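Please read them with the model open.

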Amino acid sequence: MQGLVRAIRSCQETFRAAILQHGKGGAAFEVEKFLSRFGGITSSSRSSPVQLKGLENVTVAEVLMTKGGEKVGSWLWCHTDDAVIDAVKKMAANNIGSLVVLKPVVQHLAGLVTERDYTMKIIGQGRSPTLTRVGEIMTDKDKLITVTSDTNILKAMQLMTENRIRHVPVIDGKIVGMISIVDVVRAVVEQQSGELKRLNEFIRGDYY
């Protein structure tokens, strides 16, 4: 993730330098205004390690909207007493890497099970995925990292990198979706790609 941040910054600085080379007179000031407007890196933002301006207003809810399809449903969860093999098959069938785990009957949040849990706690320990229950290998809810739909995407990225996790349930009193590190990276890249496109247009003179 730090490599991604450095790459984005490098691209921004390259465009910034190119614009300044094309500028005359008060152009430098205008460039700073332009970069500030569209989220570029300025001197005041270089001191903070992960300050991707322009992303501060992007929320988890917006990221969920870009994923397409149904955001929440039975495909997103399993139960503590389900066999691990059934949970893994559900992940494979829906092309996802984790499932929210609910308690049977009451449907309260119990934890999260991921493909990594399967790899490390079933395959790695030589256990039977048919005889082992999901509740035996899941991350318990007391240790679970969650976000809400109004959580800032930079905060979500920080939580995921600091805790070395790839999947975070979105809970607004109840489960409303799931975001992954892939979703977060895609949101960052798309936002920054749009910014670099605008900077390129500025260099070519498309802005007046």
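1. Asn152 caps the N-terminal end of helix 7, with a side-chain oxygen 2.8 Å from the backbone nitrogen of Leu154. A polar contact here is a pair of N or O atoms within 3.5 Å; within protein, one must be able to donate a hydrogen and the other to accept it, and residues adjacent in sequence count only if both atoms are side-chain atoms.

2. The model is predicted: local features need pLDDT of at least 70, side-chain atom pairs count only at pLDDT 80 or more, and totals for chains, interfaces and linings use all residues. Residues are numbered from 1 along each chain as its sequence is written, and side-chain values use heavy atoms, leaving out hydrogens and water.

3. Helix 7 covers residues 153–162, and its buried residues include Ile153, Leu154, Ala156, Met157, Leu159 and Met160. Buried means under 20% relative accessible area, with exposed over 50% and partly exposed in between (1.4 Å probe, protein chains only). Helices (H or I, at least four residues) and strands (E, at least two) are DSSP runs, numbered from the N terminus. After helix 7 comes Arg164, which has a positive phi near 55°.

4. Arg164 also belongs to the lining of the second largest pocket, where Thr114, Thr139, Arg164, Ile165 and Arg166 lie nearest the centre, out of 15 lining residues. A pocket is an open set of points on a 1 Å grid over the protein atoms alone, where a 1.4 Å probe fits, with protein on both sides within 12 Å along at least five of seven lines; lining residues have an atom within 4 Å of a point. Helix 5 (115–123) supplies 4 residues, the largest share of the lining.

5. Thr139 is the bridge partner of Leu112. Strand 3 and strand 4 run antiparallel and are joined by 2 bridges; two strands pair if DSSP finds at least two bridges between them. They belong to an open sheet of 4 strands in the order 1-2-3-4, with mixed pairing. Strand 1 (77–79) and strand 4 (139–140) are its edge strands, each pairing on one side only.

6. Is strand 5 (residues 167–171) enclosed or open? 5 of its 5 residues are buried, so strand 5 is largely enclosed by the rest of the structure. His167, Pro169 and Ile171 lie on one side, and Val168 and Val170 on the other.

7. Strand 5 runs antiparallel to strand 6 (residues 175–180), joined by 5 bridges. Val170 stands opposite Gly177. The two strands form a hairpin with 3 residues between them, and Gly173 in the turn has a positive phi of about 80°.
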